[in-house]
Amino acid sequence: MAKAKTKISYVCSDCGADYTKWQGQCGECKAWNTITEFREASSTTKSVNAAINRNNVGGYAGVTTNGVKRISSVQVENAQRVSTGLSELDRVLGDGITLGSVVLISGDPGSGKTTLLTKVASVMSQTMSTLYVTAEESLSQWAKRGIERLNLNFNEDNFLLSDTDSIEDIVNQCIENNVKFLIADSIQAFESNSVDGSAGGVTQVKTCAKILNRLCKQHGITLILVGQVNKNSQMAGPQTLKHIIDTAIHIEVNDASVRILRADKNRFGDTEQVGIFQMTEKGMRSVDNPSRLFLSGSEEHFEGSAISVIKDGARNLLIEIQALATEVEGEKSIRNCIGVSYSRLSLITAVLKKHGGIPTYYDINISLVGGLKMADSETSTDMAVTAALLSSINSKPLPSDAVFIGELALTGELRQIPQIVPRVREALSHGKKQIFIPAVAYHASMQQFVKGDQKIIALKNVRELIEALQ
């Protein structure tokens with residue numbers, strides 16, 4: 001009898017990236033000496049089918065077909081969506097979760113994955129048979145969070161809870177109880193008897209994910225998988241895991257309470273939507289108006305504070321930038337940036353000195369309210385950073401109803417930024433009355449959003465900005 005062929009590949013133990021041959025550094029996570037040989041027997045697919053007691057399985061996700069078909073004979077089915085009970089999660093998923101889909105949610109320890117999904121399980125149990133598998137904590141620990149701390153209401157007739165780490169047990173539980181919604185926490189904690197290796201290993205993760213995916217596609221089960229992350233906050237495990245699932249969502253932690261959800265894959269929606277939550281004692285709360293979260297909210301207006309509008313995914317957010325410029329106490333001035341690019345601050349201070357005639361030999365501290373972090377490539381807040389610095393240097397507060405949107409060039413000019421009209425509209429919708437923008441970005445269509453005494457102020461360069469704030 002011929003032996004089963006063995007596929008040999010090389011896998012990074014940190015991020016799970018696959019390679020055809022060994023190399024010293026992983027091209028994905030840049031770690032050294034983490035790539036090891038991985039042998040996968042060709043019988044893995046058979047073991048996946050055996051785990052769910054199905055024979056002669058083929059086609060997408062194990063769905064049996066009768067060979068090739070003409071496109072005219074293929075029946076197109078519209079995806080049915082249901083709400084998860086959390087508006088911000090629905091936004092990221094694409095206006096609700098698609099029934100029968102497989103969603104992977106990852107995040108750092110303590111980011112709120114289990115807290116978020118406990119709420120989802122409570123909502124889903126009201127309308128369909130729901131199973132939550134918690135392999136990383138006991139049933140009593142899970143129930144203590146869901147019932148005592150979060151005070152959630154579960155439908156006893158529809159809700160089931162399990163702490164098994166056996167993938168075969170999960171399959172049997174789903175089929176026996178006609179489960180329609182499954183939450184598996186987490187994929188790195190499960191093991192299958194059909195393959196060797198310990199839980200969390202490349203072989204186990206890939207096999208368990210395939211078994212669950214095939215089970216869900218064949219039995220119409222909606223699945224949410226929880227995934228762990230590596231030291232770089234990237235999804236841990238083999239990268240082929242992302243090819244198996246339909247949607248991949250990551251939870252970012254910006255400060256003690258703010259959580260931002262982003263999708264880097266979504267077969268049933270776009271990946272531009274961003275969900276914003278706030279962690280509270282009662283769990284994850286959807287933030288319907290995130291701009292309020294990133295503004296100080298203080299009734300008293302202080303010097304060194306300016307408001308701008310950034311684009312995060314498909315959303316426009318009002319943010320507050322605070323600057324503090326003080327006399328230099330040492331031999332060298334200090335530049336401290338929190339959430340703002342250090343290189344952009346250096347550019348702005350140089351332009352202020354060269355083209356604005358403003359001395360910038362100060363100790364400068366600058367930060368964003370709310371714990372947001374902007375990429376080094378973000379330039380739309382240059383005018384706001386400049387205004388905040390001028391306010392602190394001159395000890396003169398800026399108008400509380402002013403918003404600054406625009407990029408500062410090395411020549412001292414104020415430059416155009418992408419999609420400025422929606423940003424202006426967002427600022428005006430929040431009742432701001434003075435919107436400062438670059439003159440080259442002004443468009444007559446902006447006036448349709450102006451109401452009452454609101455006005456759009458177009459400036460050509462940094463000198464005009466200095467004069468406008470005097």
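Mentor: Start with the cut-offs for accessibility. Buried means under 20% relative accessible area, exposed means over 50%, and partly exposed lies in between. Keep in mind that this is a predicted model.

Trainee: Why is Glu407 called buried?
Mentor: Glu407 has 14% relative accessibility. The limit for buried is under 20%. Therefore Glu407 counts as buried.

Trainee: What makes the pair Glu407 and Arg415 a salt bridge?
Mentor: The nitrogen of a Lys or Arg side chain must lie within 4 Å of a carboxyl oxygen of Asp or Glu. Between Glu407 and Arg415 the N to O distance is 3.6 Å, so the pair meets the rule. Arg415 is partly exposed, because its relative accessibility is 43%.

Trainee: Why is Asp382 called buried?
Mentor: Its relative accessible area is 1%. Asp382 lies in helix H10, residues 382–394.

Trainee: How do you know that Asp382 touches Glu407?
Mentor: Contact means heavy atoms within 4.5 Å. Leaving out residues up to four places away in sequence, Asp382 touches Arg344, Ile348, Gly406, Glu407 and Leu408.

Trainee: What makes Arg262 and Asp312 a salt bridge?
Mentor: The N to O distance is 2.5 Å. The cut-off is within 4 Å, so the side chains qualify. This pair links distant parts of the chain: Arg262 sits in strand E12, Asp312 in strand E15 (residues 305–312), 50 residues apart.

Trainee: Are the two partners, Arg262 and Asp312, buried or partly exposed?
Mentor: Arg262 has a relative accessible area of 26%, so it is partly exposed. Asp312 has 11% relative accessibility and therefore counts as buried.

Trainee: Which residue meets Asp264 in a salt bridge?
Mentor: Lys242, at 3.0 Å from N to O. Asp264 is in strand E12 (residues 258–266) and Lys242 is in helix H7 (residues 241–244), 22 residues apart. Lys242 is partly exposed, because its relative accessible area is 24%.

Trainee: Why is Asn33 called exposed?
Mentor: Asn33 has a relative accessible area of 63%. Exposed starts over 50%. So Asn33 is exposed. Asn33 lies in the loop between strand E2 (18–19) and strand E3 (35–41). Its phi is positive, about 55°, although Asn33 is not a glycine.

Trainee: What makes Asp95 exposed?
Mentor: Asp95 reaches 66% relative accessibility, so it counts as exposed. Asp95 is in the loop between helix H2 (87–93) and strand E5 (97–98). Phi of Asp95 is near 65°.

Trainee: Which residues form the patch of negative charge on the surface?
Mentor: Asp163, Asp165, Asp169 and Glu191. Patch members need over 30% relative accessible area. Asp163 has 42%, so it clears that cut-off.

Trainee: What about the peptide bond from Asp185 to Ser186: cis or trans?
Mentor: Cis, with omega near 0°. Ser186 lies in the loop between strand E9 (181–185) and helix H6 (202–219).

Methods: Residues numbered from 1 in each chain as written. Predicted model: local features only at pLDDT ≥ 70, side-chain atom pairs only at ≥ 80, totals over all residues. Heavy atoms only, no water. Patch = residues over 30% accessible without salt bridge, like charges linked within 9 Å, V, L, I, M, F, W, Y side chains within 5 Å. Areas by Shrake-Rupley, 256 points an atom, 1.4 Å probe, with all protein chains shown as cover. Lys, Arg positive; Asp, Glu negative; His and termini not counted. Charge placed at Lys NZ, Arg CZ, Asp CG, Glu CD. Buried < 20%, exposed > 50% of the residue type's maximum accessible area, 1.4 Å probe, protein only. Helix = DSSP H or I, 4+ residues; strand = E, 2+ residues; numbered from the N terminus.
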